[in-house]
Amino acid sequence: MTSRSLIAAAALTLLTAGAPALAQDKSFTDGMIAYEQQNFVEALNIWRPLADAGDAKAAYNIGALYFEGKGVERDPNLALEFWRKAAEAENVDAQHNLALTLIAGDADGRNYQEALHWLVRAAENGSPRSMYTLGKMYLYGLGAPRNYEAAYEWIGKAGEAGVPAALYNIAKMTRDGIGTEPDAEVAFELYRRAAEGRHARAQAALAIRYAEGDGTPPSEERALYWAYRAYKNGVEKAAETMDDMSEVLGQEAAKAIMAEAEIAEAK
Amino acid sequence: MKLLRTAALALALLAPFSPAAAGPGADHITAMSAQAITALQASGSTLAEREKALRPILREGFDMARIARFVAGRYWKRATPEQQKEYTQVFSEYVLATYARRLGGYAGEDLKVLAEKPAGPKDVLVKTQIVSGSGGPAIDAEWRVRTGDAEGPKVIDVLVEGVSMAVTRRQDFASVIRRDGFDGLINVLRARAGRQGVRQ
């Protein structure tokens, strides 16, 4: 820690000392420390009074302990109760988990309408994962009538917020003209960003785009590069593109490109 | 019973092993268990990070693609190639996310590898017993390991107290597909995989 940040930390401590929130924050942190040491019962005992006093983060974490059966008998219904309480207090993690549990229907039943309600709140509170799921709900028409424009909007926002799977999906929608006008160049750019974010199927799709010159000038080198990365990430079919491109480029050139891809993937 | 099975699977992977049986399947289970313990005991990282480190062990040790296909049952062939791809990926995510996180909750149980016997031309069944450190009842778990493939041994099913996880899951998935279609199943699995654990 530099001396400047030490001073900043000291100033922060002075500023917040005596504020009633501090005691609670500290206790929440104590619970976190117990959790990290796998003392789940102790974590639960620390967080429970905080949750009762209205600490939404503590309530969310208790829900997670019940859901995963850590320190307690696993109880998805009780988990849902704690998440609902935290969600009412605008805890975005709780809103997200509550919505997903209502979609999965593995606690006390499926409820798409209520799931949608919480996803909207979580998305408006800035949760990228919730934005993505919300977009999927509109795409499939779950909890609300199918709405491709709304699906495009929310999946796009999730992609902008850095969810690679959302970028991949919005790329496919842009390619096919779902919820927007079809546009091969824009789709290519979205595939590229998802691929950079290590989304395996986006990497495979990007390789094919380079191979066929779809939305981009063709490039055997880039096609091989991305096919190799996709293959490394488990897309077996990408091996076909790799073989085709290696044949065109020659073994020596192909080897160098795969080495480059290997390094990028290892980073 | 469902809870017990989940707990048993989680325990089985974590428990320190007492090797008593030999064979490629038994060795595979013993090695996975040892790796899981090492990953969870790593110092200098958060529990969430340690749980995440379990995922490659599970991914390598299980044949996720084969399990996914089996569990989809007769609906696999009716799905489009795009659905099959998405389902396989989401299924794997769901299994990895769920078990890695739940495994973080277990420690101190003893996994005894008791015996290995052939099960069909390609598989062996590894019989294990999970003995609770706190004196609870011992749980029998059997691991169906495919040993005939080139990539080395892979777990393809776990039977807890004689009940197959794959068959149980297949029934669960079939009822979801009948109600909501194959996309509905993908959606349910994505929801199950997307939940988060304890947060700072």
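Modeller: The expected span of a helix is 1.5 Å times one less than its number of residues. Keep that in mind for this predicted model.

Colleague: What makes the length of helix H7 of chain A agree with expectation?

Modeller: H7 of chain A covers residues 112–124, which is 13 residues. At 1.5 Å a residue, that should span 18 Å. The end C-alpha atoms are 18 Å apart, so the two values agree.

Colleague: Which residues of H7(A) are called buried?

Modeller: A residue needs 20 or more other C-beta atoms within 10 Å of its own to be buried. In H7(A), those that qualify are A:Ala115, A:Leu116, A:Trp118, A:Leu119, A:Arg121, A:Ala122 and A:Ala123.

Colleague: What covers them?

Modeller: The cover includes H5, H6, H8 and helix H9 (148–160) of chain A. After H7(A) comes A:Gly126, with a positive phi near 95 degrees.

Colleague: Why is A:Gln38 called partly exposed?

Modeller: Partly exposed lies between the limits of 12 or fewer for exposed and 20 or more for buried. A:Gln38 has 18 C-beta neighbours inside 10 Å, so it counts as partly exposed. It sits in the loop between H2 and helix H3 (40–52) of chain A.

Colleague: What is the phi of A:Gln38?

Modeller: Near 60 degrees, a positive value in a residue other than glycine. Most residues other than glycine have a negative phi.

Colleague: And why is A:Glu90 called partly exposed?

Modeller: A:Glu90 has 13 C-beta neighbours inside 10 Å, so it also counts as partly exposed. Exposed would need 12 or fewer. A:Glu90 is in the loop between helix H5 (76–88) and H6 of chain A. Its phi is positive too, about 65 degrees, although it is not a glycine.

Colleague: How do you know that chain A touches chain B, and how many residues take part?

Modeller: Contact here takes C-beta atoms within 7 Å. By that test, 27 residues of chain A are in contact with 22 residues of chain B. On the chain A side, the elements giving two or more residues are H2 (20–36), H4 (56–68), H6 (92–104) and H8 (128–140). H6(A) gives the most, with seven residues.

Colleague: What is the make-up of that side by class?

Modeller: Ten nonpolar, eight polar and nine charged residues.

Colleague: What confidence does the predictor give?

Modeller: For the complex, an ipTM of 0.80 and a pTM of 0.81. Chain B has a mean pLDDT of 86, and 85% of its residues reach 70 or more.

Colleague: Where is confidence lowest and highest in chain B?

Modeller: Lowest in strand S1 (residues 17–19) of chain B, at a mean of 50. Highest in helix H5 (residues 75–78) of chain B, at 97.

Conventions. Residues numbered from 1 in each chain as written. Chains lettered and ligands numbered in written order. Predicted model: local features only at pLDDT ≥ 70, side-chain atom pairs only at ≥ 80, totals over all residues. Contact = placed C-beta atoms within 7 Å. Helix = DSSP H or I, 4+ residues; strand = E, 2+ residues; numbered from the N terminus. Nonpolar A, V, L, I, M, F, W, Y, C, P; charged D, E, K, R; others polar. pLDDT = per-residue confidence, 0-100.
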